[in-house]
Amino acid sequence: MKMLKRRVLKDFLPFSAFLMDSFGRRHNYLRMSLTEKCNLRCQYCMPQEGVTLTPRSQLLTAEELLMLARLFLREGVNKIRLTGGEPLIRPDVLPIIAELRKLEGLKTIAITTNGMNLTRLLPSLKKTGVDLLNISLDTLVPAKFEFIARRKGFHKVMEGIEKAIEMGYNPVKVNCVVMRGLNEDELIDFVSLTERKPLDVRFIEYMPFDGNRWNFKMMVSYQEMLDCIKQKWPNLEPVPGEEMDTAKAFRVPGFQGQLGFITSMSDNFCGSCNRLRITADGNLKVCLFGNSEVSLRDFLRSGATEEELLHIIGAAVGRKKKQHAGMFNISQMKNRPMILIGG
């Protein structure tokens, strides 16, 4: 009875002031990077010369990750996405997920993965309670995959996608970063995948990060992609979504799956942003494109109480800007490479 009363009370309490910014955005979605390492070297994510990895002692331990997750959940977060680098190469990823699953208030555990280790780990991921899968795949041509990712592995990723469908994940989200001169000619092929499979293919506008040699000419805008797809399927119809959705969703009538566009550059969705990020080395980022960070790890290790941590988090969230600086300004700003933020 006491537990029921507490739950009812919590449902009627106002959303945590610590996780609400000055524009009234409620941040109930936390992305946690588990590692800076990756077994691919994708051009848009990792600089050609590689990155200097943070010493292991300066990365968050499993206990620190779980402590921070518990704190954010207590304040109103209900969805956690595990990212990297490549989260599935962290040796203790399964025990971390199992412990997260036990935490009160957590409705959804999601993982973004490059799919290289997915087939082997899927039964365990399903068993420990992973609800949603996002799999990165930027081309359907094996040789082009090797060029973009600077590694072989196309068939492993495709096998992982098939296995995820077989195990009942519906939809399986496929993330495709579209780059002019590399893969914009494959839009129709990707949409065709949604005809007979429960896939949600999400086309992502090419975004500038340190070391990825972004330039405006390589970016294919949402409108250009949409126009191209509508030439093939003029009856493409929008799919209603939630206010906080990052993707503008569409479906070809009669197709089992759907497609979407993540339009961070040409038509930002900052006004409904509900996401916060914690990097593998314990820094809180309130905006993917912002270069201000707060080290929660340092405060944790210096003995800060939960209350002190909440005030530090609240101050960072309170400083969040109305929207990011725009693609041209972002391309000139200092920020981390994507791999060190968490994809």
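Predicted model: local features only at pLDDT ≥ 70, side-chain atom pairs only at ≥ 80, totals over all residues.

Modeller: A word on naming before we start.

Biologist: Okay, Arg 150 then. What is phi there?

Modeller: Phi of Arg 150 is near 60°. That is a positive value in a residue other than glycine.

Biologist: Is Arg 150 buried, exposed or partly exposed?

Modeller: Partly exposed, because its relative accessible area is 27%, and the band for that class lies between 20% and 50%.

Biologist: Which peptide bond is cis?

Modeller: The one from Asn 170 to Pro 171, with omega near 0°. Pro 171 is in the loop between α6 and β5.

Biologist: Switching to helix packing. How do α2 and α10 cross?

Modeller: Helix α2 covers residues 62-74 and helix α10 covers residues 306-318. Their axes come within 11 Å and cross at roughly 70°. So α2 is roughly perpendicular to α10.

Biologist: Which residues meet there?

Modeller: From α2, Met 67, Leu 71, Phe 72 and Arg 74. From α10, Glu 306, Leu 309, Leu 310 and Ile 313.

Biologist: And by class, what is in that contact?

Modeller: Six nonpolar residues, two charged and no polar ones.

Biologist: Now charges. How many salt bridges in the whole structure?

Modeller: A search finds 15. One of them pairs Lys 144 with Glu 186, with the closest N and O atoms 2.9 Å apart.

Biologist: Where do Lys 144 and Glu 186 lie?

Modeller: Lys 144 is in helix α5, residues 142-149. Glu 186 is in the loop between β5 (172-178) and α7 (187-193). So the pair ties together parts that are 42 residues apart in sequence.

Biologist: Are Lys 144 and Glu 186 buried or exposed?

Modeller: Both are buried.

Biologist: Which Glu pairs with Lys 197?

Modeller: Glu 162, and the closest N and O atoms are 2.9 Å apart. Lys 197 lies in the loop between α7 and β6 (199-205), while Glu 162 is in helix α6, residues 154-166. That pair therefore links parts 35 residues apart in sequence.

Biologist: How accessible is Lys 197? And Glu 162?

Modeller: Lys 197 is at 26% relative accessibility, so it counts as partly exposed. Glu 162 has a relative accessible area of 35%, so it is partly exposed.

Biologist: What about Arg 196? Which side chain does it meet in a salt bridge?

Modeller: Glu 195, at 3.9 Å from N to O. Arg 196 counts as exposed because it has 67% relative accessibility. Glu 195 is at 33%, so it counts as partly exposed.

Biologist: Then how accessible are Cys 38 and Cys 176?

Modeller: Cys 38 has a relative accessible area of 18%, so it is buried. Cys 176 is at 1% and counts as buried. The cut-off for buried is under 20%.

Technical notes: Residues numbered from 1 in each chain as written. Heavy atoms only, no water. Axes fitted to C-alpha atoms, helices over the stretch in contact; angles between N-to-C directions. Helix = DSSP H or I, 4+ residues; strand = E, 2+ residues; numbered from the N terminus. Parallel < 35°, antiparallel > 145°, perpendicular 65-115°, else oblique. Contact = heavy atoms within 4.5 Å. Nonpolar A, V, L, I, M, F, W, Y, C, P; charged D, E, K, R; others polar. Salt bridge = Lys/Arg side-chain N within 4 Å of Asp/Glu carboxyl O. Buried < 20%, exposed > 50% of the residue type's maximum accessible area, 1.4 Å probe, protein only.
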